[in-house]
Amino acid sequence: MSTKQRDDDDNWLLTFTDLITFLMAFFVILYASSTFSPQAKAEMTDSIRETMGQQAPQVNSILTRQLEDDSALFSSLESHIESNRLNQQVSVKKTHRGIELTAISELAFDSASDELTNEAALLLTSLSEKLAHVPHAINVEGHTDDLPIYSKRFPSNWELSTARATQVVRFLVAHNVEPTRLSAQGYA
């Protein structure tokens, strides 16, 4: 066997060692991130994004500050929901992103519509009193029906889910929630 042929046969080793090195670095980062505080995780994530050439989102600092004082807000929302007997209409839970309020979908919108129902308006009016005094960012996530939609107004479920989120944001703004703290996302 010639030296040239042996070198060609061993080229896969270079790729394999690069792969192993990247995997090791990945697992070291995973292990290191599991022992950090939320603030340190956010800083490390921003650093990795900058290294990879991506712009670090501005919300990381907001979410980090939010997670530090979530307990008081969570307790306040939970007691508000219980005292106003809203348990059947909305749930509240802590997640890795912060506090998540979830309304029963049938309550908020009629099928294929982005118009808030009367029940949803009452619920949002009650919750907006609490949310107006909270300094955190609020992200409204719109969802849609299980059925595919195609209409002149909503060519797909994406448009419907985004329109629903936007309707909730408009409602909250009309009820004294600071618009600069609100954002809307649609999930078809």
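Which helices each supply at least two residues of the lining of the second largest pocket? They are α2 (11-33) and α3 (38-51). This is a predicted model, in which local features need pLDDT of at least 70 and side-chain atom pairs count only at pLDDT 80 or more, while totals for chains, interfaces and linings use all residues. Residues are numbered from 1 along each chain as its sequence is written, and side-chain values use heavy atoms, without hydrogens and water.

**The pocket.** Select Phe 26, Ile 29, Ile 48, Thr 51 and Met 52, which line the second largest pocket. A pocket here is an open set of points on a 1 Å grid over the protein atoms alone where a 1.4 Å probe fits, with protein on both sides within 12 Å along at least five of seven lines; lining residues have an atom within 4 Å of a point. The space in this pocket is about 200 Å³, a volume being the space filled by probe spheres set on the points. Its lining comprises 4 nonpolar residues, 1 polar and no charged.

Next, select residues 90-95 and 98-103, the antiparallel strands β1 and β2, which 6 bridges join. Strands are DSSP runs of E with at least two residues, and helices are runs of H or I with at least four; two strands pair if DSSP finds at least two bridges between them. The hairpin from β1 to β2 passes through 2 residues. Thr 95 has Gly 98 in β2 as its bridge partner.

**The helix pairs.** Now display α7 (residues 118-131) with α8 (residues 157-174): their axes lie 9 Å apart and the packing angle is about 55°. Angles run from 0 to 180 degrees between N-to-C directions. The two helices, α7 and α8, are therefore oblique to each other, as angles under 35 degrees count as roughly parallel, over 145 as roughly antiparallel, 65 to 115 as roughly perpendicular and the rest as oblique.

Technical notes. Nonpolar A, V, L, I, M, F, W, Y, C, P; charged D, E, K, R; others polar.
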